[in-house]
Amino acid sequence: MRIGSLDLKSNLFLSPLAGYTNLPFRLALREVGGLDLATTDLVNARSLLEKNPKAFKLIETCSADRPLAVQLFGSVPEEMRDAAQYLESVGVSSVDINMGCPVRKVCRVGGGSAMMTELEKTARLVKGMVDAVKMPVTAKMRLGWDDQNITAPDLSLALEDVGVAAIFVHGRTREQGFGGTVNLAGIRAVVEAVRRIPIIGNGDVTTPDAARRMINETGCAGVSIGRGAFYNPWIFLHTRQYLQTGELPPEPGFDERIRVMCRHLDLMVEVFGEEHGCRMFRKVAPWYAKRFGPANLFNKRVVTISSKAEFHKILNDYIEWRRQFLDESGELRPQYQPAPLVASFMPEPAAARREQIPVPKGPVEVW
Ligand SMILES: Cc1cc2nc3c(=O)[nH]c(=O)nc-3n(C[C@H](O)[C@H](O)[C@H](O)COP(=O)(O)O)c2cc1C
């Protein structure tokens, strides 16, 4: 898989999730495996140029966190260009542009909306960035505003013409938010609109099978996974294996899930300090717990942690409490096992399909 000058070991990508795709999460996922190019949360280009400490924290990285894309947000061409140059100078592998929502009057601020409605202006801004750096410049967009305004194919072609190296497409319109089904035909229309560059499909991929279906039905060159990585940090590794061999690796057991969760917390503490790291982990741990089986005791208590010692006490109590749901061999009894994950666009009956993956609290209305 190539994106411009980048030779990648995987065609699976981590989708930007503001508030989550920080250095500890990326490192935890990389250690599990199957992921190569990961991205930061969205970063405001101007804040970066102004050396705002929060923006700098968002781009914090280390040698194990490579290759790394930084996603930029902004509408001022000079700022976007200078921010891209700065990122290149500090060794970032590629820069991704957030193109947000296509209808200007509905979106509150910034570049996203204007970018999708004003093709020529956007192409000029993007060209300014492409010409200023050697690293690849990519873009991330939705299909369009609504079913009557599917702008992603035209925009993608215009961006290819000015030198964008790849495009990430969430297969929903702005109007859909995070509801309804991911539109594979919509992603395919983008694949068919461009000439050479890879299109990376995105949306609701929670299983290896869903990734394969997205690739097969759309012709996309790879798949970008966001919320699926919360539930299942093994998704990149397992999907890689599944795409290469056709064999589905077994789901990780409880002990392995606990091991990775604890490692993730350790990394949070290393990067953000004990108290802040633990506080941030309050919203992360319940995602791991979604695959533990009964977990109400854990979920109620983990949102109070401020130290690792508190976390481990809660975890040990939980492991004891959970024993009541296990059989003699230490496995969850069938009635307590979590329902299998099924993506919105899979052919399974509606009852089995997950029409909506939970969306964490936050400013998601602009994604
Ligand atoms: C909490 C949250 C934060 C997000 N932050 C960003 C962001 O910073 N930049 C962006 O382009 N998309 C963002 N998105 C959209 C995701 O990258 C992705 O396109 C969307 O969640 C669909 O993929 P998924 O079903 O694999 O999660 C965010 C989504 C969520 C739920």
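View 1. Pro-67 sits in the loop that runs from helix H3 (53-58) to strand S5. Helices and strands are DSSP runs numbered from the N terminus, helices (H or I) having at least four residues and strands (E) at least two. The bond joining Arg-66 to Pro-67 is cis, and its omega is near -10°. The model is predicted, with local features requiring pLDDT of at least 70 and side-chain atom pairs pLDDT 80 or more, while totals for chains, interfaces and linings use all residues. Residue numbers start from 1 along each chain as its sequence is written, and side-chain values use heavy atoms, leaving out hydrogens and water.

View 2. Most residues other than glycine have a negative phi, and most peptide bonds are trans. Lys-51 is not a glycine, yet its phi is positive, about 55°. Lys-51 belongs to the loop between helix H2 (45-49) and H3. Its relative accessibility is 53%, so Lys-51 counts as exposed. The classes are buried under 20% relative accessible area, exposed over 50% and partly exposed in between, with a 1.4 Å probe and protein chains only. Asp-204, also not a glycine, has a positive phi of about 70°. Asp-204 is placed in the loop between strand S9 (199-202) and helix H9 (208-218). With a relative accessible area of 5%, Asp-204 is buried.

**View 3. The ligand and its shell.** The ligand is surrounded by 20 residues, each with a heavy atom within 4 Å of it. Pro-16, Gln-71, Asn-202, Asp-204 and Arg-227 are the closest. The shell consists of 10 nonpolar, 7 polar and 3 charged residues. Here Ala, Val, Leu, Ile, Met, Phe, Trp, Tyr, Cys and Pro count as nonpolar, Asp, Glu, Lys and Arg as charged, and the others, Gly among them, as polar. Ser-15 has a polar side-chain atom 3.0 Å from an oxygen atom of the ligand. For Leu-42, a backbone N or O atom lies 3.4 Å from a ligand oxygen atom. Asn-98 places a polar side-chain atom 3.0 Å from an oxygen atom of the ligand. On its own the ligand has 610 Å² of accessible area, of which the protein covers 99%; areas come from the Shrake-Rupley method with a 1.4 Å probe.

**View 4. Val-76 in the loop between S5 and H4.** Val-76 is found between strand S5 (68-73) and helix H4 (77-89). Val-76 counts as partly exposed because its relative accessibility is 26%. Leaving aside residues up to four places away in sequence, Val-76 touches Arg-46 and Leu-125, a contact being heavy atoms within 4.5 Å. The C-alpha atoms of Val-76 and Ala-45 are 8.8 Å apart, with a sequence separation of 31 residues.

View 5. Helix H1 spans residues 23-32 and is mostly covered, with 9 of its 10 residues buried. Among the buried residues of H1 are Leu-23, Phe-25, Leu-27 and Val-32, as well as Arg-26 and Arg-30. Gly-33, which follows H1, has a positive phi near 110°. Glu-31 is partly exposed, at a relative accessible area of 47%. The side chains of Glu-31 and Arg-263 meet in a salt bridge with an N to O distance of 2.7 Å. Arg-263 is in helix H12 (residues 254-272) and Glu-31 in helix H1, so this pair ties together parts 232 residues apart in sequence. A salt bridge is a side-chain nitrogen of Lys or Arg within 4 Å of a carboxyl oxygen of Asp or Glu. Arg-263 is partly exposed at 29% relative accessibility.

View 6. The structure holds 21 salt bridges. One of them pairs Arg-279 with Glu-275, whose closest N and O atoms are 3.0 Å apart. Arg-279 and Glu-275 are separated by about one helical turn because they stand 4 residues apart in helix H13 (residues 274-281). Asp-317 and Arg-301 also form a salt bridge, with closest N and O atoms 3.0 Å apart. Asp-317 lies in helix H16 (residues 308-322) and Arg-301 in helix H15 (residues 296-302), so the pair ties together parts 16 residues apart in sequence. Asp-317 is partly exposed at 26% relative accessibility, and Arg-301 is partly exposed with a relative accessible area of 29%.

Conventions
A polar contact is a pair of N or O atoms within 3.5 Å; within protein, one must be able to donate a hydrogen and the other to accept it, and residues adjacent in sequence count only if both atoms are side-chain atoms.
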